[in-house]
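Here is a short briefing for a first look. Please keep the sequence and the structure in view while reading.

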Amino acid sequence: MTSKKTTPLYQAKSIKKYFPVTGGILRRTIGQVKALDGVDLDIYRGETISVIGESGCGKTTLGRMLAVLQKPTDGELTFDFGDGLQDVAHLDRGEELAFRKKVQMIFQDPYTSFNPRQRVGVAMDEVLQVHGVKDPEERFSRIKEACEMVNMRVEYLQRYPHEFSGGQRQRLAIARCLAVKPELIIADEIVSALDVSIQAQIVNLLRKIQKETGLSFVFITHDVAVARYVGHRIAVMYLGSVVEILPAEALPENAEHPYTIALLSAVPDMNLQGKKKQIALQGEVPSPIDAPSGCAFSTRCPYVMDICKTTRPTLRIAADGKAGHQVACHLETPPTGE
Amino acid sequence: MIEKPPSTAKLMISNFVRNTTGMIGLAIVFLVVTSSIFAVQISGYDPNMFDGANTSLPPSTTHLMGTDQLGQDVFSRVLYGGRNSILIGVLASFLGNLIGTVLGAIAGYVRGKFDTILIRLSELVMTFPQLVLVLIFVTFLGQGVANVIFIFAITGWMTTFRLVRSEFMSLREEAFVEADRAFGFSSKRIIFRHLLPNTMSPIVVAFTINTAIYIIAEAGLSFLGLGVPVTTPTWGNLLAAAQAPVVVEQYWWLWVFPAAAIVVFVTGVNFIGDGLRDVLDPRSRTQVKEASFGSTLKQKIFGSRKRNA
């Protein structure tokens with residue numbers, strides 16, 4: 001994964017997504033929900049990047065932006081089709097299809113992500129047809145190959161979605177994406193609706209697929225342990241912005257942002273002897289309608305300074321200087337967590 | 001491509017065959033339709049032939065349903081009248097449903113201005129009682145089978161429109177639609193290939209209900225003398241004969257038989273609708289199989305749960 005680190009496959013630059021809040025009888029816009037407020041993210045070839053954060057921090061919105069299911073209010077989305085980064089937020093129909101072939105998305109709810117009236121095999125076949133695979137033999141062999149990757153018997157494809165369990169359906173959803181041969185798969189909370197044992201199965205499957213195919217993944221989750229297990233790098237989100245991006249192996253000791261440190265200290269630990277002190281953050285997450293003007297975390301940060309309340313920190317190289325470790329914080333020396 | 005399972009259409013047919021209600025309905029409709037096509041051959045009389053010697057005869061072996069005041073054979077007229085009544089009911093319902101479905105599908109999926117305009121238009125049309133609208137149109141267009149069909153269709157599309165629109169509004173939020181968009185499917189494909197099949201059961205039910213309603217509406221309109229010209233026999237025109245109290249009291253066969261024909265046919269159509277609704281839902285398929293196993297109790301216990309699963 002390190003060899004091709006130089007140019008990203010997909011780059012999101014200061015992505016903003018504001019949803020208008022309307023009120024009154026005239027339905028005038030009276031405010032804006034800042035779901036994403038300037039997110040920068042580089043996704044490299046062959047890497048899995050986990051996006052973690054609590055409910056409402058904008059991680060799902062980020063996923064939908066990356067899949068261009070919604071257009072960003074502001075910011076740049078550029079994708080490398082093979083000859084440099086190109087804008088993908090405004091595409092015509094033909095270009096859009098080319099982009100959608102490269103970037104696939106898997107959704108949270110396995111029970112509704114297949115058309116209930118369509119046999120699963122037909123659904124997979126249709127996706128390939130739309131993407132211009134004309135030869136039925138080739139479509140079949142690609143579907144078969146994808147099913148083998150997710151350990152699904154091809155004979156099962158003549159069934160309807162309701163005849164499968166949640167885990168099976170999620171595997172089928174993965175296979176449906178793989179059959180298209182994408183370069184990036186965005187997985188939005190794909191294990192959160194499943195049993196823990198099935199979660200492990202899916203997560204291991206994703207790791208295996210990632211190793212075998214060298215695809216890039218954006219793995220959105222709220223589970224820190226899963227994020228660390230699956231991802232090469234982890235992007236931590238708080239209130240619509242990415243506060244820290246750090247290599248998975250660097251967790252939790254090297255975390256530098258006060259929010260990341262607090263978040264990680266809240267993860268239950270099996271090691272009873274060396275149990276660390278939990279950091280209990282004060283207050284509530286501010287409403288994204290009137291987010292703080294400076295650093296999003298400034299209202300709750302134990303190390304808050306004057307500059308935090310006025311100026312928004314941008315992602316910079318972290319103090320430890322490790323490759324791929326970036327943090328958005330005004331503190332020059334990271335807090336120790338004590 | 002993949003090793004062929006029995007095709008969905010075949011499965012649906014075999015399930016429909018096993019569906020008792022549906023099959024009874026189909027048998028009734030088939031019987032009524034074929035006998036109205038072969039009206040003359042079955043009854044043995046020309047429906048428009050006057051017979052001055054045999055007026056107002058009660059049912060007998062020569063005239064199964066008696067004769068009217070002009071000596072025309074009522075059996076022949078009831079069968080022959082079915083042609084027009086069924087044509088009007090089925091075609092008007094089909095056209096109205098087609099308009100309502102297409103507009104509802106697009107409005108519900110695309111939303112926006114198109115939706116706002118259409119929903120206001122449908123509200124506007126719905127504020128008038130349908131009968132009043134029909135009367136207005138009849139005065140403009142005149143009487144006739146084709147005109148009645150057209151008028152029913154353009155005054156009756158709103159119910160289907162609103163039904164389909166609301167179904168689409170809820171379906172478009174489903175994850176599979178989102179997935180379709182992420183795969184780059186065109187809106188046309190999503191609307192007509194993916195969402196429409198999921199809306200089929202309410203549409204089919206609406207179609208059968210509307211067919212029944214329009215057959216009755218035609219009868220009502222013709223009864224008032226505004227539908228199809230009296231010279232063309234329809235069930236409604238035949239019923240119109242019962243306007244005179246003397247007919248109601250003394251010549252019961254003149255109105256009982258056309259009325260019975262309407263009831264029988266409408267029941268048949270509704271039965272087909274019930275059967276189709278069961279068959280069109282893939283989730284109910286296993287249920288149909290189990291039901292044919294013979295245990296209605298089991299179906300009662302597990303049926304509703306299965307459907308929700």
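Which residues of α6(A) are buried? They are A:Ile202, A:Val203, A:Leu206, A:Ile209 and A:Gln210. They cover an arc of only 125° around the axis, which puts them on the same side of α6(A). The model is predicted, and it scores ipTM 0.83 and pTM 0.79.

**Helix α6 of chain A**

- Helix α6 of chain A covers residues 196–213. Its 18 residues should span 26 Å at 1.5 Å a residue, and the end C-alpha atoms are 26 Å apart, which agrees.
- The buried residues of α6(A) have cover from several elements of chain A. Among them are β3 (48–52), α4, α5 (166–179), β8 (216–221) and α7 (224–230).
- The other side of α6(A) holds exposed residues: A:Ser197, A:Asn204, A:Lys211 and A:Glu212.
- An α-helix has 3.6 residues a turn, so residues three or four places apart point the same way.

- A:Ala179 is found in helix α5 of chain A. This residue counts as buried because it has 24 C-beta neighbours inside 10 Å, where 20 or more are needed.
- Leaving out residues up to four places away in sequence, A:Ala179 touches A:Met124, A:Val127, A:Leu128, A:Arg142, A:Ile143 and A:Ala146.
- A:Ala179 and A:Leu239 are 60 residues apart in sequence. Their C-alpha atoms are 35 Å apart in space.

**The eight-stranded sheet of chain A**

- Chain A has an open sheet of eight strands with mixed pairing. The strand order is β6-β7-β8-β3-β9-β10-β12-β11.
- At the edges of this sheet stand β6 (103–106) and β11 (316–317) of chain A. Each has a single partner strand, so one side of each is left without a neighbour in the sheet.
- Strands β9 (residues 233–238) and β10 (residues 241–247) of chain A run antiparallel and are joined by six bridges. A:Arg233 has A:Pro247 in β10(A) as its bridge partner.

**Strand β1 of chain A and its partners**

- Twelve bridges join β1(A) to strand β2 (residues 28–43) of chain A, and the two run antiparallel. A:Gln11 has A:Asp42 in β2(A) as its bridge partner.
- The hairpin of β1(A) and β2(A) has four residues between the strands. There, A:Gly24 takes a positive phi near 75°.
- Strand β1 (residues 10–23) of chain A also pairs with strand β4 (residues 74–80) of chain A, in the antiparallel sense over five bridges. A:Lys16 stands opposite A:Asp74 in β4(A).

**Where the two chains meet**

- In chain A, 27 residues are in contact with 19 residues of chain B.
- Four elements of chain A each supply at least two residues of the side that touches chain B: α2 (93–102), β6, α3 (120–130) and α4 (136–149). The most comes from α3(A), with four residues.
- The residues of the side of chain A that touches chain B divide into 14 nonpolar, seven polar and six charged.

**Chain B overall**

- Chain B has 14 helices and zero strands.
- Of its 309 residues, 41% count as buried.
- Take the contacts in chain B with a separation of 6 or more: residues 24 or more positions apart account for 71% of them.

- B:Ser222 lies in helix α9 (residues 187–223) of chain B. B:Ser222 is buried, with 28 other C-beta atoms within 10 Å.
- Beyond its neighbours within four places in sequence, B:Ser222 is in contact with B:Gly227, B:Val228, B:Thr234, B:Gly236, B:Asn237 and B:Ala240.
- B:Ser222 and B:Asn210 are twelve residues apart in sequence and 18 Å apart in space, C-alpha to C-alpha.

**Confidence in chain B**

- The mean pLDDT of chain B is 81, and 88% of its residues reach 70 or more.
- Among the elements of chain B, helix α4 (residues 74–110) has the highest mean pLDDT, at 92. Helix α14 (residues 296–308) has the lowest, at 39.
- Over residues 286–309 of chain B, pLDDT stays under 50. The model has 14 contacts beyond four places in sequence for this stretch.
- Where pLDDT is low, the predicted coordinates should not be read in detail.

Notes: Residues numbered from 1 in each chain as written. Chains lettered and ligands numbered in written order. Predicted model: local features only at pLDDT ≥ 70, side-chain atom pairs only at ≥ 80, totals over all residues. Pairing = 2+ DSSP bridges. pLDDT = per-residue confidence, 0-100. Contact = placed C-beta atoms within 7 Å. Nonpolar A, V, L, I, M, F, W, Y, C, P; charged D, E, K, R; others polar. Expected span 1.5 Å × (residues − 1). Buried ≥ 20, exposed ≤ 12 C-beta atoms within 10 Å, placed from the backbone. Arc of directions from axis to C-beta.
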